[in-house]
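I set out to record the charged pairs and surface patches of this model. The entries below follow the order in which I looked them up.

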Amino acid sequence: MSSEDNYSKVYYSPSDLTAMLSIKESTLRKYAYQLERAGWSFGKNDQGHRQYSDKDIMAIRRLINAKVNTSMTLEQAANELVPILKGDGIAVPVTANQTQNDQHNGDMAALSKRIDEQTELINKQTEFIKLLSERLEERDTYIQKKFEEQDKRLMDRDNRLMEGIRMLQEQREEQNESMKLIAAATDKLEEQKKQGFIARLFGRT
């Protein structure tokens, strides 16, 4: 005799479940839909409506607990639970309250382990992002320093260039002033020569 023979074969209507689980029928449909999407199969009556066995009730109870006791979405909780429930070959003995609690605790432990693994992965990713951010900041600081050094070199070069231009201008001004002095001296000399020539010319007459 298989272990399935030890489990209840009673099927319940949606109204039975809403009373047992203290939830609305729309909520029951939502939970059942998410379990089906995750791969869980419900029995159907001749009209194609879902009918729920004891193991279906346990699956829905566990989904409710997972949703309430973890930060997962309903879809995530269903996706985590269904593989566990299928692996258990879950069924609900009519007088198996302790077994149900053990199965529940085992499932919650598996979920807790998965959450811990995900948390550890997130922590590692956070550390990597922090390290990458520090590297990027160091690179930006290095680049900024190089830009500042380049700007200083360019500014020094420009200052030297402007100083050279200023000195050339001063030299040109000095040269122009010297040319003016030379021109004035030349004019004066020419005037003196002219006056001497006139004086000599009139002195002879």
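Entry 1. I looked up R157 and found it partly exposed, at a relative accessible area of 46%. I note that the model is a predicted one. The side chain of R157 meets that of D158 in a salt bridge, 3.3 Å from N to O. D158 is likewise listed as partly exposed, at 34% relative accessibility.

Entry 2. I recorded K152 as exposed because its relative accessible area is 53%, over the 50% cut-off. D156, at 29%, is partly exposed.

Entry 3. I next examined D140, which forms a salt bridge with R139; their closest N and O atoms are 3.1 Å apart. D140 is partly exposed at 40%, and R139 is partly exposed at 47%.

Entry 4. I turned to the surface patches. E127, E134, E137 and E138 gather in a patch of negative charge. Of these residues I checked E138, which is placed in helix α5 and counts as exposed at 52% relative accessibility.

Entry 5. I also noted a nonpolar surface patch of about 400 Å², made by F128, I129, L132 and L136. F128 sits in helix α5, residues 97–204, and is exposed, with a relative accessible area of 55%.

Key:
Residues are numbered from 1 along each chain as its sequence is written. This is a predicted model: local features need pLDDT of at least 70, side-chain atom pairs count only at pLDDT 80 or more; totals for chains, interfaces and linings use all residues. Side-chain values use heavy atoms; hydrogens and water are left out. Patches are made of residues with over 30% relative accessible area and no salt bridge: like charges are joined within 9 Å, nonpolar side chains (Val, Leu, Ile, Met, Phe, Trp, Tyr) within 5 Å. Accessible areas come from the Shrake-Rupley method with a 1.4 Å probe; for residues, only the protein chains shown count as cover. A salt bridge is a side-chain nitrogen of Lys or Arg within 4 Å of a carboxyl oxygen of Asp or Glu. Helices (H or I, at least four residues) and strands (E, at least two) are DSSP runs, numbered from the N terminus. Buried means under 20% relative accessible area, exposed over 50%, partly exposed in between (1.4 Å probe, protein chains only). Lys and Arg count as positive and Asp and Glu as negative; His and the chain ends are not counted. The place of a charge is taken as NZ of Lys, CZ of Arg, CG of Asp or CD of Glu.
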